[in-house]
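This briefing describes the model shown below, grouped by topic. Please read it with the sequence and the structure side by side.

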Amino acid sequence: MIAPHGNKKSIEHVAVNANCYICVSHKPGKDGYTQVKRNGKYQRLHRYLWQKEHGAIPFGQYICHKCNNNWCINIAHMYVGDQKTNMLDKARAGTTHTRILTREVVEAIRIWRPRWTGTNVQLGELFGVNERTIRHVVDPNSHAWRWVN
Ligand SMILES: [Zn+2]
(Lines give C-alpha, C1' and ligand atoms only; values in the text may rest on other atoms or scores of the structure.)
Protein backbone atom coordinates (compact mmCIF):
# COMPACT_ATOMS: atom_id res chain seq x y z
CA MET A 1 0.00 0.00 0.00
CA ILE A 2 1.22 3.44 -0.84
CA ALA A 3 0.71 6.02 1.87
CA PRO A 4 -1.16 9.19 0.88
CA HIS A 5 1.32 11.39 -0.94
CA GLY A 6 3.92 8.66 -0.50
CA ASN A 7 6.78 9.06 -2.96
CA LYS A 8 5.10 12.10 -4.44
CA LYS A 9 7.33 15.11 -4.56
CA SER A 10 5.70 17.92 -2.62
CA ILE A 11 4.92 21.12 -4.49
CA GLU A 12 6.56 24.21 -3.09
CA HIS A 13 6.21 27.73 -4.30
CA VAL A 14 7.11 31.31 -3.50
CA ALA A 15 4.77 34.24 -3.96
CA VAL A 16 6.11 37.03 -6.15
CA ASN A 17 4.68 40.43 -6.90
CA ALA A 18 0.88 40.49 -7.42
CA ASN A 19 0.71 37.21 -5.46
CA CYS A 20 1.69 34.99 -8.34
CA TYR A 21 2.91 31.64 -7.09
CA ILE A 22 6.11 30.49 -8.71
CA CYS A 23 6.92 26.83 -8.23
CA VAL A 24 10.42 26.24 -6.94
CA SER A 25 10.25 22.48 -6.39
CA HIS A 26 9.54 21.36 -9.94
CA LYS A 27 11.16 22.16 -13.24
CA PRO A 28 9.51 23.59 -16.31
CA GLY A 29 9.02 21.38 -19.33
CA LYS A 30 9.94 22.25 -22.91
CA ASP A 31 6.63 24.08 -23.30
CA GLY A 32 7.54 26.46 -20.47
CA TYR A 33 4.96 25.15 -18.04
CA THR A 34 5.96 23.53 -14.76
CA GLN A 35 5.50 19.78 -14.99
CA VAL A 36 4.44 17.43 -12.23
CA LYS A 37 4.43 13.64 -12.29
CA ARG A 38 1.23 12.19 -10.91
CA ASN A 39 -0.30 8.77 -11.58
CA GLY A 40 2.72 7.82 -13.60
CA LYS A 41 2.50 10.59 -16.15
CA TYR A 42 3.71 14.13 -16.46
CA GLN A 43 1.16 16.88 -16.59
CA ARG A 44 1.15 20.64 -16.39
CA LEU A 45 1.23 21.64 -12.76
CA HIS A 46 -1.29 24.49 -13.03
CA ARG A 47 -3.82 22.17 -14.68
CA TYR A 48 -3.22 19.51 -12.08
CA LEU A 49 -3.78 21.98 -9.21
CA TRP A 50 -6.86 23.48 -10.80
CA GLN A 51 -8.43 20.03 -11.24
CA LYS A 52 -7.64 19.10 -7.66
CA GLU A 53 -9.63 22.15 -6.58
CA HIS A 54 -12.45 22.22 -9.12
CA GLY A 55 -12.64 18.79 -10.70
CA ALA A 56 -12.12 17.76 -14.30
CA ILE A 57 -11.52 20.46 -16.91
CA PRO A 58 -14.52 20.57 -19.30
CA PHE A 59 -13.73 18.95 -22.62
CA GLY A 60 -12.10 21.32 -25.07
CA GLN A 61 -11.53 24.00 -22.44
CA TYR A 62 -8.27 25.54 -21.38
CA ILE A 63 -6.97 26.76 -18.06
CA CYS A 64 -5.90 30.35 -18.71
CA HIS A 65 -4.07 32.86 -16.55
CA LYS A 66 -5.59 36.22 -15.63
CA CYS A 67 -2.16 37.35 -14.48
CA ASN A 68 -0.42 36.52 -17.78
CA ASN A 69 2.20 34.45 -15.98
CA ASN A 70 1.91 31.05 -17.55
CA TRP A 71 4.16 29.55 -14.89
CA CYS A 72 1.95 30.90 -12.09
CA ILE A 73 0.30 28.16 -9.99
CA ASN A 74 -2.02 30.35 -7.92
CA ILE A 75 -5.45 28.81 -8.60
CA ALA A 76 -7.11 32.16 -7.91
CA HIS A 77 -5.29 33.54 -10.98
CA MET A 78 -6.68 30.87 -13.30
CA TYR A 79 -9.90 30.72 -15.24
CA VAL A 80 -11.50 28.33 -17.69
CA GLY A 81 -11.45 29.61 -21.23
CA ASP A 82 -11.68 28.33 -24.76
CA GLN A 83 -8.98 28.22 -27.36
CA LYS A 84 -9.66 31.81 -28.34
CA THR A 85 -9.16 33.23 -24.84
CA ASN A 86 -6.14 30.99 -24.45
CA MET A 87 -4.59 32.45 -27.59
CA LEU A 88 -5.31 35.97 -26.37
CA ASP A 89 -3.66 35.03 -23.10
CA LYS A 90 -0.59 33.82 -24.92
CA ALA A 91 -0.45 36.92 -27.07
CA ARG A 92 -0.60 39.17 -24.03
CA ALA A 93 1.97 37.08 -22.21
CA GLY A 94 4.22 37.13 -25.24
CA THR A 95 4.01 40.89 -25.39
CA THR A 96 4.97 41.16 -21.74
CA HIS A 97 7.95 38.89 -22.12
CA THR A 98 9.48 40.39 -25.18
CA ARG A 99 8.85 44.09 -24.72
CA ILE A 100 9.00 44.77 -21.02
CA LEU A 101 10.89 42.78 -18.46
CA THR A 102 8.48 43.10 -15.59
CA ARG A 103 9.30 42.83 -11.94
CA GLU A 104 7.58 39.43 -11.83
CA VAL A 105 9.75 38.11 -14.61
CA VAL A 106 12.96 39.38 -13.06
CA GLU A 107 12.02 37.79 -9.75
CA ALA A 108 11.05 34.53 -11.38
CA ILE A 109 14.32 34.36 -13.30
CA ARG A 110 16.26 34.86 -10.09
CA ILE A 111 14.26 32.11 -8.41
CA TRP A 112 14.54 29.69 -11.28
CA ARG A 113 18.11 30.21 -12.41
CA PRO A 114 19.79 28.31 -9.53
CA ARG A 115 17.46 25.36 -10.16
CA TRP A 116 17.76 25.41 -13.91
CA THR A 117 20.03 22.71 -15.25
CA GLY A 118 20.01 23.97 -18.84
CA THR A 119 21.82 26.91 -20.36
CA ASN A 120 21.06 30.61 -20.01
CA VAL A 121 19.95 30.58 -23.64
CA GLN A 122 17.30 27.95 -22.89
CA LEU A 123 16.17 29.76 -19.77
CA GLY A 124 15.95 32.96 -21.78
CA GLU A 125 13.72 31.22 -24.31
CA LEU A 126 11.40 30.20 -21.51
CA PHE A 127 11.08 33.79 -20.32
CA GLY A 128 11.21 35.37 -23.75
CA VAL A 129 14.49 37.23 -23.21
CA ASN A 130 18.01 36.73 -24.51
CA GLU A 131 20.80 35.12 -22.53
CA ARG A 132 22.53 38.48 -21.98
CA THR A 133 19.48 39.64 -20.05
CA ILE A 134 19.50 36.45 -17.97
CA ARG A 135 23.15 37.07 -17.06
CA HIS A 136 22.44 40.67 -16.09
CA VAL A 137 19.41 39.74 -14.01
CA VAL A 138 21.24 37.11 -11.98
CA ASP A 139 24.54 39.00 -11.69
CA PRO A 140 24.76 40.56 -8.20
CA ASN A 141 27.24 43.12 -9.55
CA SER A 142 24.99 44.24 -12.37
CA HIS A 143 23.34 47.59 -11.91
CA ALA A 144 20.77 46.99 -14.59
CA TRP A 145 18.04 45.42 -12.44
CA ARG A 146 18.87 46.87 -9.05
CA TRP A 147 15.41 48.45 -8.83
CA VAL A 148 13.97 45.02 -8.14
CA ASN A 149 15.92 44.57 -4.91
ZN1 LIG B 1 -0.52 34.63 -11.15
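Predicted model: local features only at pLDDT ≥ 70, side-chain atom pairs only at ≥ 80, totals over all residues.

Lys 84 is found in helix H2 (residues 83-99), where helices (H or I, at least four residues) and strands (E, at least two) are DSSP runs numbered from the N terminus. The residue is exposed, with 9 other C-beta atoms within 10 Å. For burial, the C-beta atoms are placed from the backbone, and a residue is buried if 20 or more other C-beta atoms lie within 10 Å of its own, exposed if 12 or fewer, and partly exposed in between.

Residues are numbered from 1 along each chain as its sequence is written.

**Confidence**

- The mean pLDDT (the predictor's confidence in each residue, from 0 to 100) of the protein is 77, and 77% of its residues reach 70 or more.
- By element, confidence is highest in H1, at a mean of 94, and lowest in H2, at 59.
- Over residues 1-6 the pLDDT is below 50, and this stretch has 1 contact in the model beyond near neighbours in sequence; two residues are in contact if their C-beta atoms, placed from the backbone, lie within 7 Å.
- Residues 95-99 also have pLDDT under 50, and the model gives them 7 contacts beyond four places in sequence.

**Overall organisation**

- The protein has 5 helices and 6 strands.
- Read from the N terminus, the order of elements is β-β-β-β-α-β-β-α-α-α-α.
- Of the 149 residues in the protein, 26% are buried.
- Among contacts between residues at least 6 apart in sequence, 45% join residues at least 24 apart.

- S3 and S4 run antiparallel and are joined by 4 bridges; strands count as paired if DSSP finds at least two bridges between them.
- Arg 38 has Lys 41, in S4, as its bridge partner.
- The hairpin has 2 residues between its strands, and Asn 39 lies in this loop.
- Asn 39 has a positive phi of about 55° although it is not a glycine.
- Most residues other than glycine have a negative phi.
- Asn 39 counts as exposed because it has 7 C-beta neighbours inside 10 Å.

- In helix H1 (residues 45-54), the buried residues are Leu 45, His 46 and Leu 49.
- Seen down the axis of H1, these residues fall within an arc of 100°, so they line one face of the helix; the arc is that of the directions from the helix axis to the C-beta atoms.
- An α-helix has 3.6 residues a turn, so residues three or four places apart point the same way.
- The cover over the buried residues of H1 includes strands S2 (20-23), S3 (35-38), S4 (41-44), S5 (62-65) and S6 (78-81).
- Gly 55 follows H1 and has a positive phi, near 95°.
- In helix H5 (residues 131-138), the buried residues are Thr 133, Ile 134 and Val 137.
- The buried residues of H5 lie within an arc of 105° when seen down its axis, so they too line one face of the helix.

**The largest nonpolar core**

- The largest nonpolar core has 19 residues, and those with the most contacts inside it are Ile 73 and Ile 109; such a core is a set of buried Ala, Val, Leu, Ile, Met, Phe, Trp, Tyr and Cys residues joined through C-beta atoms within 7 Å.
- Two or more residues of this core come from each of S2, H1, helix H3 (103-112), helix H4 (120-127) and H5.
- H3 gives the largest share, 5 residues.
- Domain 1 (13-93) and domain 2 (103-138) each supply at least three residues to this core; the domain bounds come from an automatic or database domain assignment.
- Leaving aside neighbours within four places in sequence, Ile 73 is in contact with His 13, Tyr 21, Cys 23, Thr 34, Leu 45, His 46 and Leu 49.
- Ile 109 lies in helix H3 and is buried, with 24 other C-beta atoms within 10 Å.
- Beyond four places in sequence, Ile 109 is in contact with Phe 127, Ile 134, Val 137 and Val 138.
- Ile 109 and Thr 133, 24 residues apart in sequence, are 10.0 Å apart from C-alpha to C-alpha.
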